[in-house]
Amino acid sequence: MKANAESILEVRDLVKHFPLTQGIVVKRQIGAIKAVDGVSFDLHRGETLGVVGESGCGKSTLAKLLMALERPTSGSVRIHGRDITTARGSELKRMRRNIQMVMQDPYTSLNPRMTVGDIVGEPFEIHTDVVPKGGRRRRVQELLEVVGLNPDHINRYPHQFSGGQRQRIGIARGLALQPEIIICDEPVSALDVSIQAQVMNLLERLQNEFDLAYIFIAHDLSVVRHISDRIAVMYLGKIVELGSDAQIYDGPTHPYTQALLSAVPVPDPEGRETRQRIILQGDPPSPANPPSGCHFRTRCWKAQDICAEQTPALEARPGSDHPSACHFAEARDVVNAQ
Ligand SMILES: Nc1ncnc2c1ncn2[C@@H]1O[C@H](COP(=O)(O)OP(=O)(O)OP(=O)(O)O)[C@@H](O)[C@H]1O
Ligand code: SF4
Ligand SMILES: [Mg+2]
């Protein structure tokens, strides 16, 4: 990321509650699944924000809200100052060009009956003014080349490619409209470990080449480590800690981040001996019925009475620029903890 890069995406107090209904003929709302529950952050030009958390914490719902594929319950998502959640018609279409997504599973996310040329070129059918009709095939071939695929394979079908190649097809499609922002929703988790690094390297190369900003979603802090400039850690619909690469990995302040980091394998044997492992007890509670106060308190070894009574805000301590939603936030070097 370039120093002092401008903010291109501003997310404020974003909330998505899915109604929880009962009854088959007459549906009654009996509650809400709080999938995203008050999320705020900025994304700067050319930077990568890693978003990490356990299954069900709201990562994909957040991604869909940012792309206006879901309507929020409340809150705003401003791209260059315009709120995509309230945009309609041609304005929404224009804004969507600027924010694209690469999906998790390259096996199911590509239509098996469409050729690669049709898949990568489909955005040009929707946004007809981007490339004139006669130039689209050539443009698709250029995109295939950019992501390291053979442009002569334009008439092949997805099943004729490996998993890593299919993910490259998904990335080429994401690049077609020359967006400034790409959301990568666990783009390598379905791939073999040996292929993951190749796809990550490709994403990094494309970021530099096209000055892209990424929101990179993953379960695990080790996946986003090398690609992220900043990391947001999510728990039950909320960001609980937000910091730079160094802040999150060298001095995490939220107990949940510390526990996640403690689970990351340590490559050097010395670190493995000296580090203390934090074992998280149980599964996250249901987002339909989160604990009062701090959502993490039912699994937190530091919890006190105040944690049940007051929801900790995602705030930095005075003199710090490292927000953490914990009443007792304190930095801890998890890897070298004694
Ligand atoms: N359309 C929907 N209707 C009702 N509930 C939903 C819907 N989409 C998601 N949810 C619920 O919202 C919560 C967050 O789901 P989401 O898919 O955003 O999680 P995630 O962090 O992406 O999980 P994973 O890591 O498994 O992909 C879950 O409890 C999920 O069951
Ligand atoms: S606010 Fe309390 S329960 Fe929540 S993470 Fe901090 S110490 Fe644990
Ligand atoms: Mg998901």
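Reader: How do β6 and β7 pair, and over how many bridges?
Author: β6 and β7 run parallel, paired over 4 bridges. This is a predicted model, by the way.

Reader: Which residue is the bridge partner of I99?
Author: I181, in β7.

Reader: What about β7 and β8, parallel or antiparallel?
Author: Parallel. β7 and β8 (residues 213–218) are joined by 5 bridges. C184 stands opposite F216 in β8.

Reader: Where does the chain go between β7 and β8?
Author: The chain passes through α6 on the way from β7 to β8. That β-α-β crossover is right-handed.

Reader: And how many residues of β7 are buried?
Author: 4 of the 5 residues in β7 are buried, and the strand is mostly covered.

Reader: How many residues of α5 are buried?
Author: 11 of 13, so α5 counts as mostly covered; a residue is buried when 20 or more other C-beta atoms lie within 10 Å of its own. Among the buried ones are Q165, R166, I169, I171 and L175.

Reader: What covers the buried residues of α5?
Author: The cover includes two strands, β6 (99–102) and β7 (181–185). It also includes the helices α3 (116–126), α4 (136–146) and α6 (193–210).

Reader: New topic: G148. Where is that?
Author: G148 sits in the loop between α4 and α5.

Reader: Is G148 buried, exposed or partly exposed, and why?
Author: G148 is partly exposed, because 16 other C-beta atoms lie within 10 Å.

Reader: What does G148 touch?
Author: R168 and L202, leaving aside residues up to four places away in sequence. R168 is one of the buried residues of α5.

Reader: How far apart are G148 and Y107?
Author: They are 41 residues apart in sequence. In space, G148 and Y107 are 19 Å apart, C-alpha to C-alpha.

Reader: Now the open sheet. What order do its 4 strands have?
Author: The order is β2-β1-β4-β5, and the pairing is antiparallel.

Reader: Which strands stand at the edges?
Author: β2 and β5 (82–83) do. Each has a single partner strand, so one side of each is left without a neighbour in the sheet.

Reader: How many bridges join β4 to β5?
Author: 2 bridges join β4 (residues 74–79) to β5, and the strands run antiparallel. R78 stands opposite D83 in β5.

Reader: On to the ligands. How many residues surround ligand 1?
Author: 13 residues surround ligand 1, and the closest are F18, A35, S55, S60 and T61. β2 (28–44) and α1 (59–66) are the elements giving two or more residues to that shell. The largest share, 3 residues, comes from α1.

Reader: How does the shell around ligand 1 divide?
Author: Into 5 nonpolar, 7 polar and 1 charged.

Reader: And ligand 2, which residues are closest?
Author: C294, R297, C300, C307 and C326 are the closest of 13 residues around ligand 2. That shell divides into 9 nonpolar, 2 polar and 2 charged.

Methods
Residues numbered from 1 in each chain as written. Chains lettered and ligands numbered in written order. Predicted model: local features only at pLDDT ≥ 70, side-chain atom pairs only at ≥ 80, totals over all residues. Near = placed C-beta within 6 Å. Nonpolar A, V, L, I, M, F, W, Y, C, P; charged D, E, K, R; others polar. Buried ≥ 20, exposed ≤ 12 C-beta atoms within 10 Å, placed from the backbone. Contact = placed C-beta atoms within 7 Å. Pairing = 2+ DSSP bridges. Right-handed = clockwise from strand over helix to strand, strands pointing away.
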